[in-house]
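Good morning, colleagues. Please look at the model on the screen while I take you through its ligand shell and then its sheet.

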Amino acid sequence: MSSTALLTHIASSPFTYLSLALPIILILLLRHISTPTLHPFEPPLIAPRIPFLGHIINLLRQQGAFYTNVYATHPLPIATLPMADKRMYMLTSPALIQAAMRSRSLSFEPFMNEFAQKMVALTDAEWAPVPALTPQFIKTIHASLTGDHLAKMNLVALNNHVAFFLNKVIPPTSFSACLEIPDLYAHLKTLVTLATADGLYGPDPATNPFRARPSLIDDLWDFDSGLFNLIADLFPRWLAPQAVRGRANLQEALGDYYEARLDENPDAGVSEVVRARAAVMRAHGIVDRRIGRLEIALVHVAAVNTLPTLFWFVVELFARPEAVARARAEVERSVLVSTEEGAGKGGRKATLDITKLTDETHTPFLISVYREVTRKHSANIVTRRVMEDVEISDGEGGRCFLKKDADVQMIAGVTHLLPEIWGADADEFVPDRFAATTTTTGNNDDRKKKSAAMIPFGGGKHLCPGRNFAYAENMGLVAALLLGFEAKGLSVDKIPSKKPLTLGHGIPEPAGQTAVTIGRREGWEDVKWGFTSS
Ligand code: HEM
């Protein structure tokens, strides 16, 4: 057809041609918008296959696996991902991640405000005073989870619900009278929630909301199970009704708690973090019931990562008899302070010094196992927003330009498994990978690279302030289990696979149930357990 004939044909049936051309124009337009012009030093672009929305659709479908999937096809140290009309930088280079965490031009605070408001369901008017108090709030949280405040919290958690579990729940007789646990994850859920709640609110059932109303334990995990729908505002009432109900119950209970000013009760064993956070909020005019609605975020953040970490710690350690023997010897030699006669009904009392559990001269192997758990099982995504145009450098001549308003995602699921950092066995669980006495840790340079790649607790100004509390809870329980108990039914070939990671979570849950039998070790049947810190 000549061009004149084509024009005549188009003029005679313009709608047919228009309907054919429109989708093509739209696709070209979307492709143009989703292929932003990059600054010469901006990270290389990974364009989505479906223009404009492709990465967003994949992120919603694949959730936590999205970034590791992108890395599998584009193994880049840093990349630009167009997300509709915005851009996101995905970082997998440990050196660039450390630079990003140090940069003052990157901040976590915008996410705190955007996501937390949805998470706790406050209206814009109710939320209005929160952004102004965020910087003071963050400082307070970090200060109240260190030193004496932390030591007190650790011992309250360990000497109440954890000790109750060891002394009462596991029968104090021979192994034959043991505790059969059909689903270890579910069992640890209760244990971690109550131990964490003891550490936060004190152990008194009259003042600790979780002891007063044990149904709040399920409410907390129901709330957690629908977190993504709540934060993304994806029809939570229809798609996550349990989460909405759990949240309402928690908010009511904590509303009662702050309204009764139980956080100010000097005799209740309340932690400094609970007391100080409420004091900051009251100073900014936030009323008690609303503090309760906001503070469901504290107990949630304190329990949500501790539970899967403890689960994988118990499973990975007790599945390996040789590792149990090695760790047990360390605990017996260094952590056990005393076994006194006559602690109730003629039994003995064993006291463990949890400070020793943080010292590599005393328990290098057990500490290595814990670190290996956080390396192998954390798939955490550390998030920041670029507040102003900035350049970051990997310290070896590589520099990257990051544009204002873009989001930055740092991917532990990649850095924790990079073979060039961890070796050919990066995918395997190696209990003594971090033990100072082994050669696997290598020279100083090698150690620095490993430490830069380890981001299970984030880093920089927002490095998780609660990591040492979680450590004490997890290590204290496991040290006592090692010394005084046997755990049967676990083995390396039975380590469960993982559920897909949902957004908002850092450590995957196990798929299916893990059964275990726990009973007293021979020679330790009569012992009651307690904890101290030197
Ligand atoms: C093994 C258990 C835990 C893991 C794996 C974990 C992990 C994390 C991670 C990855 C972050 C983000 C850090 C960043 O953006 O750089 C974080 C932040 C935070 N975590 Fe934890 N966490 C744990 C336990 C706890 C506990 C027990 C508490 C409270 C007692 C807690 C309180 C917080 C708070 C308040 C923040 C926000 C800090 C800020 O923005 O400055 N975490 N945690």
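The greatest contribution to the shell around the ligand comes from helix 25, with three residues. Helices here are DSSP runs of H or I with at least four residues, strands are runs of E with at least two, and both are numbered from the N terminus. This is a predicted model: local features need pLDDT of at least 70, side-chain atom pairs count only at pLDDT 80 or more, and totals for chains, interfaces and linings use all residues. Residues are numbered from 1 along each chain as its sequence is written.

Helix 8 (130-143), helix 18 (296-304), helix 19 (306-318) and helix 25 (467-484) each supply at least two shell residues. Of the 23 residues around the ligand, those that come nearest are N305, G458, C464, G466 and A470; a residue is near if its C-beta atom, placed from the backbone, lies within 6 Å of the molecule.

Five strands form an open, mixed sheet in the order 1-2-10-7-3, where two strands pair if DSSP finds at least two bridges between them. Strand 1 and strand 3 (106-107) are the edge strands, each pairing on one side only.

Strand 1 (residues 78-83) pairs with strand 2 (residues 86-91) in the antiparallel sense over six bridges, and L81 has M88 as its bridge partner. These two strands form a hairpin with two residues between them, and A84 in the turn has a positive phi of about 50 degrees.

Strand 2 pairs with strand 10 (residues 407-411) in the parallel sense over four bridges. Here Y89 stands opposite V408, and L91 stands opposite M410.
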